[in-house]
Amino acid sequence: MKELSSQPQKLIELVEYQAGSVVSRTLINEKAGTLTLFAFDEKEGLSEHTAPFDALVHILEGEAEVVVSGKPFQLKQGDIVVMPANEPHALKALARFKMLLTMIRS
């Protein structure tokens, strides 16, 4: 896997799929927030949970169902959705997908 640097890189190439798994790679982890890349194999997901901070999901490729406060959204490449702090949310791969999660700690 490539190391992060101040040189241009292809975001989608910084995390790879693994069969039957959810793979994550933290790009930035600071007091103000985090940037984390995820690669979900088909039918994999994250069960419903909450987080104490607002988070933005940006789908880089593939297709996912994101449920926020019980409301399902089908997202594809280029789509985004905000998961508000303390609201229950879950993610499931409808097809393999990669996403960037931006969490703002405030």
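## Exercises on strands, rings and cores

Lys-43 lies in the loop between β2 and β3 (45–49). Strands such as these are DSSP runs of E with at least two residues, while helices are H or I runs of at least four, and both are numbered from the N terminus.

This is a predicted model, where local features need pLDDT of at least 70, side-chain atom pairs count only at pLDDT 80 or more, and totals for chains, interfaces and linings use all residues. Residues are numbered from 1 along each chain as its sequence is written, and side-chain values use heavy atoms, leaving out hydrogens and water.

**Exercise 1. Describe how β2 is joined to β1 and β7.**

Step 1. Take β1 (residues 22–30). Eight bridges join β1 to β2, and the two run antiparallel. Two strands pair if DSSP finds at least two bridges between them. The hairpin from β1 to β2 passes through two residues.

Step 2. Take β7 (residues 89–104). Eight bridges also join β2 to β7, again antiparallel.

Step 3. Pick out single partners. Thr-26 stands opposite Thr-36 in β2. Leu-35 has Thr-102 in β7 as its bridge partner.

Step 4. Judge the surroundings. Seven of the eight residues of β2 are buried, so the rest of the structure largely encloses this strand.

**Exercise 2. Trace the aromatic cluster of Phe-38, Phe-40 and Phe-97.**

Step 1. Rings of Phe, Tyr and Trp (its six-membered ring) pair if their centres lie within 6.5 Å; planes under 30 degrees apart are stacked, over 60 edge-to-face, and the rest tilted.

Step 2. Count. The whole structure holds two aromatic pairs.

Step 3. Phe-38 and Phe-40 form a tilted pair, 5.9 Å centre to centre with 35° between the planes.

Step 4. Phe-40 and Phe-97 form a stacked pair, 4.4 Å centre to centre with 10° between the planes. Phe-40 is in β2 and Phe-97 in β7, so this pair ties together parts 57 residues apart in sequence.

Step 5. Phe-38 is buried at 12% relative accessible area, and Phe-40 is buried at 0%. Phe-97 is buried too.

**Exercise 3. Identify the elements that give two or more residues to the largest nonpolar core.**

Step 1. A nonpolar core is a set of buried Ala, Val, Leu, Ile, Met, Phe, Trp, Tyr and Cys residues joined through side-chain atoms within 4.5 Å.

Step 2. The largest core has 18 residues, and Val-57, Ile-59, Val-66, Met-83, Phe-97, Met-99 and Leu-101 touch the most other members.

Step 3. The elements giving two or more residues to this core are β2, β4 (54–68), β6 (80–83) and β7.

Step 4. A second, separate core has nine residues, including Val-15, Val-23, Ala-39 and Leu-100.

**Exercise 4. Locate Asp-79 and find which backbone nitrogen its side chain reaches.**

Step 1. Asp-79 sits in the loop between β5 (71–76) and β6.

Step 2. Asp-79 counts as partly exposed because its relative accessibility is 30%.

Step 3. Not counting residues up to four places away in sequence, Asp-79 touches Val-57, His-58, Ile-59 and Gln-74.

Step 4. The side chain of Asp-79 reaches the backbone nitrogen of Lys-76 at 2.8 Å.

Key. Buried < 20%, exposed > 50% of the residue type's maximum accessible area, 1.4 Å probe, protein only. Contact = heavy atoms within 4.5 Å. Polar contact = N/O pair within 3.5 Å; in protein donor to acceptor, adjacent residues only side chain to side chain.
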